[in-house]
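This briefing goes through a single protein model topic by topic. The sequence and structure come next, followed by the terms and the details.

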Amino acid sequence: DRLWPLLYDINKVMMPRQANLSQVLDTDAVGTHWTYQEDLPFLQGPSAGQPVLAAFGEDSVALVWLEGDGNAASLRWVSGTWDQETGESSWEMPVTLHEPGAGRAMHPQMAFDPTGIAHLLWLQDAEAGPPQVFYARCEGDTCSEPLQVSDPSAQACEGGSRSGDALPSRAPAIAVDGTGAVLAVWGAPEGGLANATWPSDEPSPLPAQGCVPSGEISAQGPRLAGSDAGHTLAFVQGGEPDGDITLLRFADGAWVSSPEAIGNGSSPEIWTDLAGSTLAAWCDEDASLRYWDGSSLETISDLSCTGRPEIGQDSSGQIHVVFPSDEVESTSGIRSSREVLYESIRDSAGWSDPMIVALPGAATQPSLASSAEGILHLSWAEGEASESSLRYAFQHQYDCEGYELTGAAAAVLQVAGRPEYRSPDDPIAYCQNRYDRLVHAPNPAPEFSDQSPTTNGSFDTLAELMSGAQYEV
């Protein structure tokens, strides 16, 4: 009985007034967001960077990264488990794959095979000549000894010359298809792309090195995606840094298609969704973010795209793209310079406006991984290179099953969700957002609440709640 006067007051507050433009309170709420952005606890050096995440099954996740600066950087790997009940990740003891002082390790990459073994690839300084490609396989807290898989004496993979610092354009890529075939691709010193393949159950592969049929012009920035049908390679052909975003297919140990240009730009990413469809995203020649769904091109955002976009898919089937930018836009449309990580989500109406995930403080390349259950895991370096740390966050798409409200909270939600106030197509995303209390304004009346009045009334109560709240807009 004491609740009805309160609901009557709420009803009066929410009653549409003649001055309102609409009786319905529409929002663009997605319903969930990244949470628990934390520093990873196992870092030892003064700085860390180039993180790469991969996920396997429902709850396994792994991370490889460089720790330290320049020639003093270690290459380290760690596996972990994500607990859906607690929403927390637990990590094993890290494994060091490359010690500082033995030449530089650069541009690590990683992929899981169908049995849950992680396959790692990276560039490493050689005793003589250009850096070579090294490989290791890891499981739990154990990794194999690094093995060189590139062959300096193999056939030269010719292409156009690369200007400036060629090492980023030579960064390797690795993927495992549904049959367990590992494919590695990297930039050859001669300007083309080299490749090698071997079975994922081969502990110490000595693969024959071949050349990607990319033509007699420069090729760089390879990215790979594996599926039951084989592998898809994306790379930039011609031009630096912008060129043709080109695709090639690989299956049964051979290249089975001709190069296919799907756009123009730089920093491509290729990805296979849960249905087996091939998706791609990249920064175009105007630095806008572009997306290819297998048949048509879309523009995600015209905010500047400064690095490779990352693609993932949540448990609802929606595609997420996370990308770095050096622009931020105010509500009045004014843009200013700031390093930002953005996320955009694709639904039936198109792409959402980019949402800020993090403010890393310096240019960074994020890494995004999706579990079989659609849990999204994200890592990035934060801070200047000499003192950067690694951050980690996850995103869990929730529904309201098991989080039904009762009592006063249920009554308030019922009133707020009535069709004269809220469109039935736009439900209030309340679940897993903890109901704490009703806030009386301007101050609680003794007959309705035992809360004590304060100088600023409900503003004091809200300030107290918001100081420790996680909230969505």
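A salt bridge is counted here when a side-chain nitrogen of Lys or Arg lies within 4 Å of a carboxyl oxygen of Asp or Glu. By that criterion, the side chains of glutamate 420 and arginine 418 meet in a salt bridge, at 2.5 Å from N to O. This is a predicted model, in which local features need pLDDT of at least 70 and side-chain atom pairs count only at pLDDT 80 or more, while totals for chains, interfaces and linings use all residues. Residues are numbered from 1 along each chain as its sequence is written, and side-chain values use heavy atoms, with hydrogens and water left out.

**Salt bridges**

- The structure holds 11 salt bridges, and one of them joins arginine 335 to aspartate 302, with the closest N and O atoms 2.7 Å apart.
- Arginine 335 lies in strand S26 (residues 335-347) and aspartate 302 in the loop between strand S23 (297-301) and strand S24 (310-313), so this pair ties together parts that are 33 residues apart in sequence; helices (H or I, at least four residues) and strands (E, at least two) are DSSP runs, numbered from the N terminus.
- Arginine 335 has a relative accessible area of 32% and is therefore partly exposed, where buried means under 20% relative accessible area, exposed means over 50%, and partly exposed is in between (1.4 Å probe, protein chains only).
- Asp302 and Arg335 also belong to a network of salt bridges that links them with Glu327 and Glu329.
- Glutamate 310 and arginine 308 form a salt bridge in which the closest N and O atoms are 3.1 Å apart, and both of these residues are buried.
- In the pair described at the outset, glutamate 420 is partly exposed at 27% relative accessibility, and arginine 418 is likewise partly exposed, with a relative accessible area of 33%.

**Nonpolar core**

- The largest nonpolar core has 19 residues, and those with the most contacts inside it are Val64, Leu75, Trp77, Leu97, Met110, Leu120 and Trp122; such a core is a set of buried Ala, Val, Leu, Ile, Met, Phe, Trp, Tyr and Cys residues joined through side-chain atoms within 4.5 Å.
- At least two residues of this core come from each of strand S2 (48-56), strand S3 (60-67), S4, strand S6 (95-98), strand S7 (105-112), strand S8 (118-124) and strand S9 (132-139).
- In soluble globular proteins, nonpolar side chains tend to be buried together.

**Surface patches**

- A patch of negative charge on the surface gathers Glu38, Glu58, Asp59, Asp83, Glu85, Glu88 and Glu373; patches are made of residues with over 30% relative accessible area and no salt bridge, like charges being joined within 9 Å and nonpolar side chains (Val, Leu, Ile, Met, Phe, Trp, Tyr) within 5 Å.
- For charges, Lys and Arg count as positive and Asp and Glu as negative, with His and the chain ends not counted, and the place of a charge is taken as NZ of Lys, CZ of Arg, CG of Asp or CD of Glu.
- Aspartate 83, a member of the negative patch, is found in strand S4 (residues 74-83) and counts as partly exposed at 34% relative accessibility.
- Val439, Leu462 and Met466 make a nonpolar surface patch of about 250 Å², accessible areas being taken from the Shrake-Rupley method with a 1.4 Å probe and, for residues, with only the protein chains shown counting as cover.
- Leucine 462 has its place in helix H3 (residues 458-466) and is partly exposed, with a relative accessible area of 38%.

**Backbone angles and spatial separations**

- Most residues other than glycine have a negative phi, and most peptide bonds are trans.
- Glutamine 50, in strand S2, has a positive phi near 50° and is partly exposed at a relative accessible area of 36%.
- Serine 267, found in strand S20 (residues 260-272), has a positive phi of about 55° although it is not a glycine, and serine 267 counts as partly exposed at 27% relative accessibility.
- Glycine 116, in the loop between S7 and S8, is buried at 17% relative accessibility, and its C-alpha atom is separated by 6.3 Å from that of phenylalanine 56, 60 residues apart along the chain.
- Serine 79, which lies in strand S4, is buried with a relative accessible area of 13%, and serine 79 and proline 94 are 15 residues apart in sequence and 7.5 Å apart in space, C-alpha to C-alpha.
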